[in-house]
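Please look at the structure below before reading the points that follow.

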Amino acid sequence: MGFFKWVSPVVVLLYLVDSALVYSSSLSSNDLSKIPSELLDFAKAPVIVDWMVGIRRKLHENPELGYEEFKTSELIRAELDKMGVRYNYPVAVTGVVGFIGTGKPPFVALRADMDALPMQEMVEWEHKSKIPGKMHACGHDAHVTMLIGAAKILQEHHEELKFFLQGTVVLVFQPAEEGGGGAAKIVSAGALENVSAIFGLHVDPSIRIGEVASRSGPILAGSGIFEAVISGKGGHAAIPQHTIDPILAASNVIVSLQHLVSREADPLDSQVVTVAKFQGGGAFNVIPDSVTIGGSFRAFSKESFMQLRQRIVEVITGQAAVQRCNATIHFYTEERPFYPVTVNDKNLHGHFRKVAGDMLGIDNVCDKKPLMAAEDFAFYQQVVPGYFFFLGMQNETRKQLKSFHSPYFEINEDMFPYGAALHASLAVRYLLDFQPKDPLVEGKYHDEL
Ligand SMILES: [Zn+2]
Ligand SMILES: [Zn+2]
(Lines give C-alpha, C1' and ligand atoms only; values in the text may rest on other atoms or scores of the structure.)
(Ligands and ions follow the chains in the order given, each with its own letter.)
Protein backbone atom coordinates (compact mmCIF):
# COMPACT_ATOMS: atom_id res chain seq x y z
CA MET A 1 0.00 0.00 0.00
CA GLY A 2 2.90 2.27 -0.78
CA PHE A 3 0.72 4.82 -2.50
CA PHE A 4 -0.79 5.83 0.80
CA LYS A 5 2.61 7.10 1.76
CA TRP A 6 2.34 9.66 -1.00
CA VAL A 7 -0.89 11.19 0.08
CA SER A 8 -1.35 13.06 3.30
CA PRO A 9 -3.71 11.47 5.81
CA VAL A 10 -6.02 14.45 5.30
CA VAL A 11 -6.46 13.62 1.64
CA VAL A 12 -7.25 10.01 2.41
CA LEU A 13 -9.75 11.13 5.00
CA LEU A 14 -11.37 13.50 2.51
CA TYR A 15 -11.62 10.65 0.10
CA LEU A 16 -13.24 8.39 2.64
CA VAL A 17 -15.73 11.10 3.64
CA ASP A 18 -16.73 11.82 0.07
CA SER A 19 -15.14 9.76 -2.62
CA ALA A 20 -16.91 11.84 -5.26
CA LEU A 21 -14.49 14.67 -4.63
CA VAL A 22 -11.01 13.77 -5.63
CA TYR A 23 -8.50 16.39 -6.65
CA SER A 24 -5.07 15.56 -7.87
CA SER A 25 -4.07 18.95 -6.51
CA SER A 26 -4.60 17.42 -3.09
CA LEU A 27 -1.22 15.76 -3.48
CA SER A 28 1.55 17.98 -2.20
CA SER A 29 4.71 18.33 -4.25
CA ASN A 30 6.42 16.37 -1.51
CA ASP A 31 3.94 13.52 -2.02
CA LEU A 32 4.50 13.63 -5.77
CA SER A 33 8.27 13.59 -5.48
CA LYS A 34 8.14 10.36 -3.47
CA ILE A 35 6.26 8.40 -6.14
CA PRO A 36 9.27 7.45 -8.34
CA SER A 37 11.45 6.18 -5.50
CA GLU A 38 8.54 4.20 -4.00
CA LEU A 39 7.90 2.57 -7.35
CA LEU A 40 11.60 1.80 -7.70
CA ASP A 41 11.58 0.15 -4.26
CA PHE A 42 8.64 -1.95 -5.38
CA ALA A 43 10.38 -2.93 -8.63
CA LYS A 44 13.55 -3.88 -6.77
CA ALA A 45 11.76 -6.51 -4.69
CA PRO A 46 13.53 -9.83 -5.42
CA VAL A 47 10.30 -11.50 -6.48
CA ILE A 48 9.66 -8.80 -9.12
CA VAL A 49 13.28 -8.77 -10.30
CA ASP A 50 13.38 -12.56 -10.66
CA TRP A 51 10.10 -12.51 -12.55
CA MET A 52 11.39 -9.86 -14.99
CA VAL A 53 14.69 -11.70 -15.48
CA GLY A 54 12.73 -14.88 -16.27
CA ILE A 55 10.69 -13.08 -18.94
CA ARG A 56 13.73 -11.50 -20.52
CA ARG A 57 15.63 -14.76 -20.74
CA LYS A 58 12.69 -16.45 -22.44
CA LEU A 59 12.53 -13.61 -24.95
CA HIS A 60 16.27 -13.70 -25.47
CA GLU A 61 16.25 -17.41 -26.22
CA ASN A 62 13.51 -16.95 -28.83
CA PRO A 63 14.31 -13.84 -30.89
CA GLU A 64 11.98 -12.95 -33.75
CA LEU A 65 12.50 -10.50 -36.60
CA GLY A 66 10.26 -7.56 -37.48
CA TYR A 67 6.58 -8.41 -38.08
CA GLU A 68 7.31 -12.01 -37.09
CA GLU A 69 7.11 -11.43 -33.32
CA PHE A 70 4.24 -13.90 -32.83
CA LYS A 71 5.72 -15.83 -29.90
CA THR A 72 6.99 -12.62 -28.30
CA SER A 73 3.52 -11.14 -28.61
CA GLU A 74 1.99 -14.32 -27.19
CA LEU A 75 4.24 -14.11 -24.14
CA ILE A 76 3.32 -10.46 -23.61
CA ARG A 77 -0.39 -11.23 -23.84
CA ALA A 78 -0.05 -14.15 -21.43
CA GLU A 79 1.59 -11.86 -18.84
CA LEU A 80 -1.03 -9.15 -19.35
CA ASP A 81 -3.77 -11.78 -19.00
CA LYS A 82 -2.29 -12.94 -15.71
CA MET A 83 -2.35 -9.36 -14.44
CA GLY A 84 -5.84 -8.69 -15.74
CA VAL A 85 -4.69 -5.95 -18.12
CA ARG A 86 -6.98 -5.35 -21.11
CA TYR A 87 -5.38 -5.11 -24.56
CA ASN A 88 -5.99 -4.97 -28.27
CA TYR A 89 -4.35 -7.54 -30.52
CA PRO A 90 -3.25 -7.76 -33.26
CA VAL A 91 -2.25 -4.17 -33.89
CA ALA A 92 0.18 -3.68 -36.80
CA VAL A 93 0.53 -7.44 -37.40
CA THR A 94 2.05 -8.60 -34.10
CA GLY A 95 1.68 -5.53 -31.87
CA VAL A 96 -0.16 -5.49 -28.55
CA VAL A 97 -1.69 -2.33 -27.08
CA GLY A 98 -2.69 -2.62 -23.43
CA PHE A 99 -4.68 -0.28 -21.21
CA ILE A 100 -4.43 0.36 -17.50
CA GLY A 101 -6.76 2.88 -15.95
CA THR A 102 -10.20 4.33 -16.41
CA GLY A 103 -10.26 3.88 -20.17
CA LYS A 104 -10.88 7.64 -20.34
CA PRO A 105 -8.67 10.70 -20.91
CA PRO A 106 -6.08 11.75 -20.28
CA PHE A 107 -4.16 9.01 -22.08
CA VAL A 108 -0.40 8.61 -21.78
CA ALA A 109 1.49 5.96 -23.74
CA LEU A 110 4.61 3.92 -22.96
CA ARG A 111 6.36 2.08 -25.77
CA ALA A 112 8.56 -1.00 -26.13
CA ASP A 113 9.86 -2.48 -29.38
CA MET A 114 9.81 -6.28 -29.75
CA ASP A 115 12.00 -7.28 -32.69
CA ALA A 116 15.42 -8.91 -32.87
CA LEU A 117 18.18 -8.75 -35.50
CA PRO A 118 19.24 -11.18 -38.24
CA MET A 119 22.61 -12.04 -36.71
CA GLN A 120 24.20 -14.93 -34.90
CA GLU A 121 24.74 -14.56 -31.16
CA MET A 122 28.37 -15.15 -30.18
CA VAL A 123 27.91 -14.88 -26.41
CA GLU A 124 28.17 -18.31 -24.84
CA TRP A 125 25.78 -18.42 -21.90
CA GLU A 126 22.92 -20.46 -20.54
CA HIS A 127 20.21 -18.43 -22.24
CA LYS A 128 21.85 -17.89 -25.62
CA SER A 129 19.52 -17.46 -28.61
CA LYS A 130 18.08 -20.79 -29.65
CA ILE A 131 17.34 -19.52 -33.14
CA PRO A 132 20.37 -19.69 -35.46
CA GLY A 133 21.01 -16.38 -37.20
CA LYS A 134 18.69 -14.36 -34.98
CA MET A 135 19.60 -12.41 -31.87
CA HIS A 136 18.32 -9.74 -29.53
CA ALA A 137 21.42 -7.60 -30.04
CA CYS A 138 19.74 -4.23 -29.51
CA GLY A 139 18.14 -4.93 -26.13
CA HIS A 140 14.53 -5.03 -27.31
CA ASP A 141 14.03 -8.13 -25.15
CA ALA A 142 14.90 -5.89 -22.19
CA HIS A 143 12.56 -3.15 -23.45
CA VAL A 144 9.61 -5.58 -23.59
CA THR A 145 10.49 -6.92 -20.15
CA MET A 146 10.62 -3.50 -18.55
CA LEU A 147 7.30 -2.44 -20.05
CA ILE A 148 5.68 -5.63 -18.75
CA GLY A 149 7.33 -4.73 -15.43
CA ALA A 150 5.76 -1.27 -15.57
CA ALA A 151 2.36 -2.87 -16.24
CA LYS A 152 2.86 -5.00 -13.13
CA ILE A 153 3.74 -1.97 -11.01
CA LEU A 154 0.70 -0.06 -12.23
CA GLN A 155 -1.66 -2.99 -11.81
CA GLU A 156 -0.38 -3.88 -8.35
CA HIS A 157 -1.08 -0.30 -7.26
CA HIS A 158 -4.37 0.13 -9.03
CA GLU A 159 -6.42 0.11 -5.85
CA GLU A 160 -4.44 3.02 -4.48
CA LEU A 161 -4.25 4.75 -7.85
CA LYS A 162 -7.97 4.99 -8.28
CA PHE A 163 -8.23 7.13 -5.16
CA PHE A 164 -6.74 10.11 -6.88
CA LEU A 165 -6.02 9.31 -10.50
CA GLN A 166 -8.11 9.61 -13.61
CA GLY A 167 -6.86 8.57 -16.98
CA THR A 168 -5.31 5.68 -18.82
CA VAL A 169 -1.83 4.36 -19.40
CA VAL A 170 -1.52 2.90 -22.91
CA LEU A 171 1.11 0.16 -23.22
CA VAL A 172 2.44 -0.03 -26.77
CA PHE A 173 4.34 -3.21 -27.66
CA GLN A 174 5.33 -2.55 -31.26
CA PRO A 175 6.83 -4.72 -33.97
CA ALA A 176 9.67 -4.04 -36.37
CA GLU A 177 11.74 -1.14 -35.06
CA GLU A 178 14.86 -2.35 -36.87
CA GLY A 179 14.09 -0.86 -40.26
CA GLY A 180 10.49 -1.98 -40.69
CA GLY A 181 8.90 1.15 -39.24
CA GLY A 182 6.52 -0.71 -36.93
CA ALA A 183 5.79 2.54 -35.13
CA ALA A 184 4.32 4.03 -38.30
CA LYS A 185 1.96 1.07 -38.59
CA ILE A 186 0.95 1.44 -34.94
CA VAL A 187 0.10 5.08 -35.65
CA SER A 188 -1.86 4.15 -38.79
CA ALA A 189 -3.83 1.62 -36.74
CA GLY A 190 -5.06 4.53 -34.62
CA ALA A 191 -3.43 3.34 -31.41
CA LEU A 192 -2.35 6.86 -30.47
CA GLU A 193 -5.70 8.53 -31.00
CA ASN A 194 -6.47 10.71 -27.98
CA VAL A 195 -3.02 10.01 -26.50
CA SER A 196 -1.49 13.21 -25.08
CA ALA A 197 2.10 12.06 -24.72
CA ILE A 198 4.32 9.03 -25.29
CA PHE A 199 7.54 7.91 -23.61
CA GLY A 200 10.09 5.40 -24.86
CA LEU A 201 13.48 4.23 -23.66
CA HIS A 202 16.52 2.45 -25.03
CA VAL A 203 19.09 0.56 -23.02
CA ASP A 204 22.57 2.05 -23.26
CA PRO A 205 25.78 0.16 -22.47
CA SER A 206 27.77 3.41 -22.43
CA ILE A 207 25.88 4.83 -19.42
CA ARG A 208 26.28 3.66 -15.83
CA ILE A 209 23.43 1.76 -14.22
CA GLY A 210 21.25 4.10 -12.17
CA GLU A 211 21.80 6.90 -14.68
CA VAL A 212 19.68 8.08 -17.58
CA ALA A 213 20.46 10.42 -20.43
CA SER A 214 18.51 12.44 -22.93
CA ARG A 215 18.00 15.95 -24.24
CA SER A 216 15.36 18.37 -25.40
CA GLY A 217 14.93 18.74 -29.18
CA PRO A 218 16.58 16.56 -31.85
CA ILE A 219 18.35 13.56 -30.33
CA LEU A 220 18.48 10.98 -33.16
CA ALA A 221 18.80 11.53 -36.88
CA GLY A 222 16.34 11.03 -39.70
CA SER A 223 17.49 8.05 -41.72
CA GLY A 224 16.98 6.34 -45.05
CA ILE A 225 18.64 3.79 -47.29
CA PHE A 226 19.34 3.85 -50.99
CA GLU A 227 20.47 1.37 -53.57
CA ALA A 228 21.58 2.09 -57.13
CA VAL A 229 22.24 -0.21 -60.06
CA ILE A 230 24.79 1.35 -62.40
CA SER A 231 24.69 -0.33 -65.78
CA GLY A 232 27.30 -0.19 -68.51
CA LYS A 233 28.50 -2.80 -70.98
CA GLY A 234 30.62 -5.72 -69.92
CA GLY A 235 33.51 -7.25 -71.77
CA HIS A 236 37.11 -8.39 -71.67
CA ALA A 237 39.32 -6.65 -69.15
CA ALA A 238 42.04 -6.36 -71.79
CA ILE A 239 39.80 -4.51 -74.26
CA PRO A 240 38.23 -1.68 -72.21
CA GLN A 241 37.55 0.38 -75.32
CA HIS A 242 34.81 -2.10 -76.24
CA THR A 243 33.13 -1.84 -72.87
CA ILE A 244 31.40 0.76 -70.73
CA ASP A 245 32.93 0.11 -67.33
CA PRO A 246 30.36 0.32 -64.51
CA ILE A 247 33.05 -0.35 -61.87
CA LEU A 248 34.84 2.90 -62.67
CA ALA A 249 31.52 4.74 -62.98
CA ALA A 250 30.38 3.48 -59.57
CA SER A 251 33.71 4.47 -58.07
CA ASN A 252 33.28 8.03 -59.35
CA VAL A 253 29.70 8.05 -58.09
CA ILE A 254 30.89 7.10 -54.59
CA VAL A 255 33.55 9.81 -54.54
CA SER A 256 31.01 12.39 -55.74
CA LEU A 257 28.53 11.32 -53.06
CA GLN A 258 31.11 12.24 -50.42
CA HIS A 259 30.95 15.85 -51.59
CA LEU A 260 27.31 16.12 -50.52
CA VAL A 261 28.31 16.32 -46.87
CA SER A 262 31.82 17.77 -47.18
CA ARG A 263 31.02 20.54 -49.72
CA GLU A 264 27.25 21.10 -49.87
CA ALA A 265 26.03 20.70 -46.29
CA ASP A 266 26.33 23.35 -43.60
CA PRO A 267 29.23 22.13 -41.43
CA LEU A 268 27.11 22.87 -38.36
CA ASP A 269 24.20 20.76 -39.66
CA SER A 270 25.25 17.13 -39.07
CA GLN A 271 24.65 14.80 -41.99
CA VAL A 272 25.95 11.42 -43.12
CA VAL A 273 26.12 9.67 -46.48
CA THR A 274 27.70 6.23 -46.23
CA VAL A 275 28.10 3.82 -49.11
CA ALA A 276 28.25 0.47 -47.38
CA LYS A 277 27.59 -1.86 -50.26
CA PHE A 278 29.52 -2.31 -53.53
CA GLN A 279 28.78 -5.41 -55.55
CA GLY A 280 29.97 -6.03 -59.08
CA GLY A 281 32.09 -8.38 -61.07
CA GLY A 282 33.26 -11.86 -60.24
CA ALA A 283 36.38 -12.43 -62.30
CA PHE A 284 39.83 -10.86 -62.60
CA ASN A 285 39.58 -10.40 -66.35
CA VAL A 286 35.94 -9.50 -66.97
CA ILE A 287 34.40 -6.05 -66.81
CA PRO A 288 30.85 -6.65 -65.55
CA ASP A 289 27.65 -5.31 -67.08
CA SER A 290 26.54 -3.63 -63.90
CA VAL A 291 27.44 -2.70 -60.35
CA THR A 292 25.13 -2.32 -57.38
CA ILE A 293 25.95 0.16 -54.65
CA GLY A 294 23.93 1.00 -51.58
CA GLY A 295 24.08 2.83 -48.32
CA SER A 296 22.54 5.00 -45.67
CA PHE A 297 21.90 8.73 -45.41
CA ARG A 298 21.04 10.70 -42.32
CA ALA A 299 20.31 14.26 -41.26
CA PHE A 300 18.96 16.23 -38.32
CA SER A 301 16.20 18.12 -40.07
CA LYS A 302 13.56 17.12 -42.57
CA GLU A 303 14.77 19.81 -44.98
CA SER A 304 18.37 18.59 -44.92
CA PHE A 305 17.20 15.00 -45.20
CA MET A 306 15.03 15.67 -48.26
CA GLN A 307 17.80 17.76 -49.82
CA LEU A 308 20.21 14.83 -49.37
CA ARG A 309 17.70 12.46 -50.91
CA GLN A 310 17.30 14.67 -53.98
CA ARG A 311 21.04 15.20 -54.41
CA ILE A 312 21.76 11.47 -54.06
CA VAL A 313 19.52 10.88 -57.07
CA GLU A 314 21.09 13.74 -59.05
CA VAL A 315 24.69 12.78 -58.26
CA ILE A 316 24.23 9.08 -59.04
CA THR A 317 22.37 9.61 -62.32
CA GLY A 318 24.54 12.56 -63.37
CA GLN A 319 27.87 10.99 -62.54
CA ALA A 320 26.84 7.67 -64.11
CA ALA A 321 25.88 9.54 -67.28
CA VAL A 322 29.30 11.23 -67.41
CA GLN A 323 30.74 7.72 -67.57
CA ARG A 324 28.18 6.68 -70.26
CA CYS A 325 26.31 4.46 -67.80
CA ASN A 326 22.66 4.33 -66.77
CA ALA A 327 21.59 4.34 -63.16
CA THR A 328 18.38 3.29 -61.42
CA ILE A 329 17.92 4.25 -57.78
CA HIS A 330 15.64 2.71 -55.14
CA PHE A 331 14.90 3.92 -51.65
CA TYR A 332 12.71 0.92 -50.72
CA THR A 333 10.41 3.07 -48.64
CA GLU A 334 7.65 0.44 -48.72
CA GLU A 335 9.74 -2.08 -46.79
CA ARG A 336 11.98 0.41 -45.00
CA PRO A 337 10.26 3.76 -44.57
CA PHE A 338 12.42 6.83 -43.99
CA TYR A 339 12.70 7.35 -40.25
CA PRO A 340 12.04 10.94 -39.26
CA VAL A 341 14.27 12.87 -36.88
CA THR A 342 13.62 11.91 -33.23
CA VAL A 343 12.75 15.22 -31.59
CA ASN A 344 12.07 15.33 -27.86
CA ASP A 345 9.31 17.61 -26.66
CA LYS A 346 10.57 20.49 -24.51
CA ASN A 347 7.84 20.21 -21.86
CA LEU A 348 8.26 16.45 -21.59
CA HIS A 349 11.99 17.00 -21.12
CA GLY A 350 11.15 19.03 -18.03
CA HIS A 351 8.76 16.30 -16.88
CA PHE A 352 11.41 13.62 -17.41
CA ARG A 353 14.06 15.53 -15.47
CA LYS A 354 11.66 16.01 -12.56
CA VAL A 355 10.55 12.37 -12.41
CA ALA A 356 13.93 10.76 -13.11
CA GLY A 357 15.60 13.25 -10.77
CA ASP A 358 13.21 12.32 -7.95
CA MET A 359 13.99 8.66 -8.51
CA LEU A 360 17.73 8.67 -9.24
CA GLY A 361 18.96 12.04 -8.01
CA ILE A 362 19.29 14.89 -10.48
CA ASP A 363 23.05 14.31 -10.85
CA ASN A 364 22.22 10.96 -12.44
CA VAL A 365 20.01 12.55 -15.09
CA CYS A 366 22.59 13.33 -17.77
CA ASP A 367 22.61 15.28 -21.00
CA LYS A 368 22.93 13.14 -24.09
CA LYS A 369 24.68 14.37 -27.18
CA PRO A 370 22.66 13.82 -30.37
CA LEU A 371 23.51 10.62 -32.26
CA MET A 372 23.35 9.88 -35.97
CA ALA A 373 21.54 6.64 -35.13
CA ALA A 374 17.79 6.58 -35.88
CA GLU A 375 14.69 5.32 -34.11
CA ASP A 376 11.21 4.72 -35.41
CA PHE A 377 9.94 6.24 -32.13
CA ALA A 378 10.11 9.40 -34.26
CA PHE A 379 6.88 8.33 -36.01
CA TYR A 380 5.01 8.69 -32.73
CA GLN A 381 6.49 12.13 -32.19
CA GLN A 382 5.04 13.23 -35.50
CA VAL A 383 1.51 12.83 -34.13
CA VAL A 384 1.87 13.40 -30.37
CA PRO A 385 4.49 15.00 -28.11
CA GLY A 386 7.00 12.27 -27.32
CA TYR A 387 10.10 11.75 -25.25
CA PHE A 388 12.86 9.22 -25.81
CA PHE A 389 15.63 8.56 -23.32
CA PHE A 390 18.54 6.22 -22.68
CA LEU A 391 18.75 3.95 -19.66
CA GLY A 392 22.17 3.10 -18.26
CA MET A 393 23.27 -0.47 -17.69
CA GLN A 394 27.05 -0.29 -17.37
CA ASN A 395 28.16 -1.68 -14.04
CA GLU A 396 31.70 -0.85 -13.03
CA THR A 397 32.19 -4.27 -11.52
CA ARG A 398 31.37 -5.95 -14.84
CA LYS A 399 33.44 -6.02 -17.97
CA GLN A 400 32.76 -3.29 -20.53
CA LEU A 401 29.55 -4.15 -22.33
CA LYS A 402 29.63 -4.33 -26.11
CA SER A 403 27.74 -1.82 -28.22
CA PHE A 404 24.38 -2.33 -29.94
CA HIS A 405 24.20 -4.76 -32.86
CA SER A 406 27.38 -6.54 -31.79
CA PRO A 407 27.16 -10.36 -31.77
CA TYR A 408 28.68 -10.04 -28.29
CA PHE A 409 25.99 -7.62 -27.05
CA GLU A 410 24.89 -8.37 -23.49
CA ILE A 411 22.29 -6.96 -21.14
CA ASN A 412 22.90 -6.10 -17.50
CA GLU A 413 19.66 -7.40 -16.01
CA ASP A 414 20.18 -5.31 -12.85
CA MET A 415 18.77 -2.36 -14.78
CA PHE A 416 15.25 -3.82 -15.07
CA PRO A 417 13.81 -2.23 -11.89
CA TYR A 418 15.00 1.19 -13.07
CA GLY A 419 13.39 0.89 -16.49
CA ALA A 420 10.13 -0.53 -15.20
CA ALA A 421 9.82 2.04 -12.41
CA LEU A 422 10.75 4.92 -14.71
CA HIS A 423 8.10 3.91 -17.22
CA ALA A 424 5.46 3.64 -14.50
CA SER A 425 6.52 6.87 -12.76
CA LEU A 426 6.62 8.91 -15.95
CA ALA A 427 3.07 7.81 -16.73
CA VAL A 428 1.61 8.24 -13.24
CA ARG A 429 3.17 11.64 -12.70
CA TYR A 430 2.09 12.73 -16.17
CA LEU A 431 -1.50 11.76 -15.47
CA LEU A 432 -1.40 13.49 -12.10
CA ASP A 433 -0.17 16.68 -13.74
CA PHE A 434 -2.93 16.52 -16.32
CA GLN A 435 -5.90 15.70 -14.13
CA PRO A 436 -9.11 17.46 -15.15
CA LYS A 437 -9.74 20.62 -13.17
CA ASP A 438 -13.29 19.56 -12.28
CA PRO A 439 -13.83 17.09 -9.49
CA LEU A 440 -14.62 13.55 -10.56
CA VAL A 441 -18.27 13.03 -9.80
CA GLU A 442 -19.40 10.54 -12.38
CA GLY A 443 -19.97 7.18 -10.71
CA LYS A 444 -17.26 7.90 -8.17
CA TYR A 445 -14.66 6.21 -10.33
CA HIS A 446 -14.41 3.52 -12.92
CA ASP A 447 -13.94 -0.06 -11.96
CA GLU A 448 -11.09 -0.72 -14.32
CA LEU A 449 -8.47 1.12 -12.30
ZN1 LIG B 1 18.97 -1.60 -33.10
ZN1 LIG C 1 17.09 -0.72 -30.62
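1. Strand S8 (residues 222–231) and strand S12 (residues 290–299) run antiparallel and are joined by ten bridges. Strands here are DSSP E runs of at least two residues, helices are H or I runs of at least four, and both are numbered from the N terminus. Within this pair, Ile 225 stands opposite Ser 296 in S12.

2. This is a predicted model, in which local features need pLDDT of at least 70 and side-chain atom pairs count only at pLDDT 80 or more, while totals for chains, interfaces and linings use all residues. Residues are numbered from 1 along each chain as its sequence is written, with chains lettered from A and ligands numbered from 1 in the order in which they are written.

3. An open sheet of four strands has the order S10-S12-S8-S13, with antiparallel pairing (two strands pair if DSSP finds at least two bridges between them). Its edge strands, S10 (271–279) and S13 (326–330), each pair on one side only. Neighbouring strands are turned by 20° against each other on average, direction ignored.

4. Helix H8 (residues 246–264) packs on the sheet and touches S8, S10 and S12. Contact requires C-beta atoms, placed from the backbone, within 7 Å. The direction of H8 makes about 170° with that of S10 (angles run from 0 to 180 degrees between N-to-C directions, with axes fitted to C-alpha atoms, for helices over the stretch in contact).

5. Helix H2 (residues 29–43) packs with helix H12 (residues 416–433) at about 150°, the axes being 8 Å apart. H2 is therefore roughly antiparallel to H12 (an angle over 145 degrees). Residues making the contact include Leu 32 and Ile 35 of H2 and Ala 420 and Arg 429 of H12.

Definitions and conventions
Angles under 35 degrees count as roughly parallel, over 145 as roughly antiparallel, 65 to 115 as roughly perpendicular and the rest as oblique. Two residues are in contact if their C-beta atoms, placed from the backbone, lie within 7 Å.
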